[in-house]
Amino acid sequence: TTHEDMQQLVDSGVIAVLRGVDEADVEQVAEALIEGGVTTLEVTADTPGAIDMIGDLAAAYEDREDVLIGAGTVLDAETARSALLAGAEFVVCPSFHEDVVETCNRYGAVVAPGVATPTEAIEAYETGADLVKLFPASDLGASYLGSIKGPLGQIPIVPTGGIGPDNAGEFIEAGACAVGAGGSLIDDEAIEAGEYDVLTENAEALVAAVEDAR
Ligand code: 3PG
């Protein structure tokens with residue numbers, strides 16, 4: 001159910017953002033991150049072949065209850081529906097789209113629209129967002145997140161954008177329920193060289209930073 005997926009997503013602590021990963025590499029990338037403890041993975045819809053990759057990963061990890069596969073950079077209801085049909089268990093957006101939230105609510109999938117202000121956060125939440133993605137988080141800063149959590153403490157917030165092992169802890173301490181991260185996990189050169197252990201180490205470092213701050 002949505003409630004269980006939501007709890008699992010929050011407990012996992014980190015949403016990996018797979019943007020621009022090649023179809024040929026995606027299963028090894030996923031495996032390396034999962035081995036490092038990052039078990040919630042989002043393939044962004046702007047990646048060529050994204051819907052197929054979501055389908056492949058969802059099938060590959062069908063028996064792994066601890067792994068959640070989702071879609072990111074979802075900007076419209078059509079993309080949300082396609083991703084859900086392919087097997088996505090959650091949907092993330094950089095921005096707030098009522099029709100995306102409605103579509104995900106309709107089919108019982110966790111949805112995290114992007115917001116940057118208190119007004120956007122509460123509007124997204126009232127519309128049915130399970131959590132909101134604070135984006136771009138490192139530009140806004142951890143204290144900004146903490147200030148939003150003051151009056152709007154009921155809204156689960158996942159800061160994303162520029163988050164890595166060095167700053168993830170500050171955001172958790174400021175009230176984030178989990179963090180999203182792409183660049184600090186995905187190393188294109190390492191992937192090209194087949195050095196997937198680099199991704200596993202990146203994942204371990206980020207999970208450790210989140211755990212330490214909890
Ligand atoms: C993105 O837009 O790709 C995500 O917000 C991740 O950002 P990051 O690569 O800075 O972590």
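The second largest pocket has a volume of about 200 Å³. A pocket here is found on a 1 Å grid over the protein atoms alone, as an open set of points with protein on both sides within 12 Å along at least five of seven lines, and lining residues have an atom within 4 Å of a point. Grid points are joined across faces, edges and corners, and a volume is the space filled by probe spheres set on the points.

Before going on, the ground rules. This is a predicted model, where local features need pLDDT of at least 70 and side-chain atom pairs count only at pLDDT 80 or more, while totals for chains, interfaces and linings use all residues. Residues are numbered from 1 along each chain as its sequence is written, and side-chain values use heavy atoms, with hydrogens and water left out.

Back to that second pocket. Its lining has 12 residues, and Asp5, Arg64, Glu65, Val67 and Glu89 lie nearest its centre. Six of the lining residues are charged, four are nonpolar and two are polar. For these classes, Ala, Val, Leu, Ile, Met, Phe, Trp, Tyr, Cys and Pro count as nonpolar, Asp, Glu, Lys and Arg as charged, and the others, Gly among them, as polar. Helix H1 (residues 2–12) gives the largest share of this lining, three residues. Helices (H or I, at least four residues) and strands (E, at least two) are DSSP runs, numbered from the N terminus.

Now the largest pocket. It holds about 240 Å³ of space, and this is the space taken by the ligand; a molecule sits in a pocket if more than half of its atoms lie within 2 Å of the grid points. Of the 17 lining residues, Val17, Arg19, Ala181, Gly182 and Gly183 lie nearest the centre. The lining divides into six nonpolar, eight polar and three charged residues.

Which residues are around the ligand itself? They are Val17, Arg19, Lys133, Phe135, Thr160, Gly161, Gly162, Ala181, Gly182 and Gly183, taking a residue as near if one of its heavy atoms lies within 4 Å. By class, that shell has three nonpolar, five polar and two charged residues.

Next, the polar contacts, meaning pairs of N or O atoms within 3.5 Å. A polar backbone atom of Gly182 is 2.8 Å from an oxygen atom of the ligand. For Gly183, a backbone N or O atom is also involved, 2.8 Å from a ligand oxygen. Lys133 uses an N or O atom of its side chain, 3.4 Å from an oxygen atom of the ligand. On its own the ligand has 310 Å² of accessible area, and the protein covers 76% of that, by the Shrake-Rupley method with a 1.4 Å probe.

There is one cavity of 30 Å³ or more, a cavity being a set of points where a 1.4 Å probe fits but cannot get out. The largest cavity has about 40 Å³ of space. Its lining is Ile15, Val17, Glu42, Val92, Lys133, Val158, Thr160 and Gly180.

Last, the backbone. Most residues other than glycine have a negative phi, and most peptide bonds are trans. Phe135 and Pro136 are joined by a cis peptide bond, with omega about 0°. Pro136 is in the loop between strand E7 (132–134) and helix H7 (137–140). Thr73 has a positive phi, near 50°, and lies in the loop between strand E3 (68–72) and helix H4 (77–86).

Key
A polar contact is a pair of N or O atoms within 3.5 Å; within protein, one must be able to donate a hydrogen and the other to accept it, and residues adjacent in sequence count only if both atoms are side-chain atoms.
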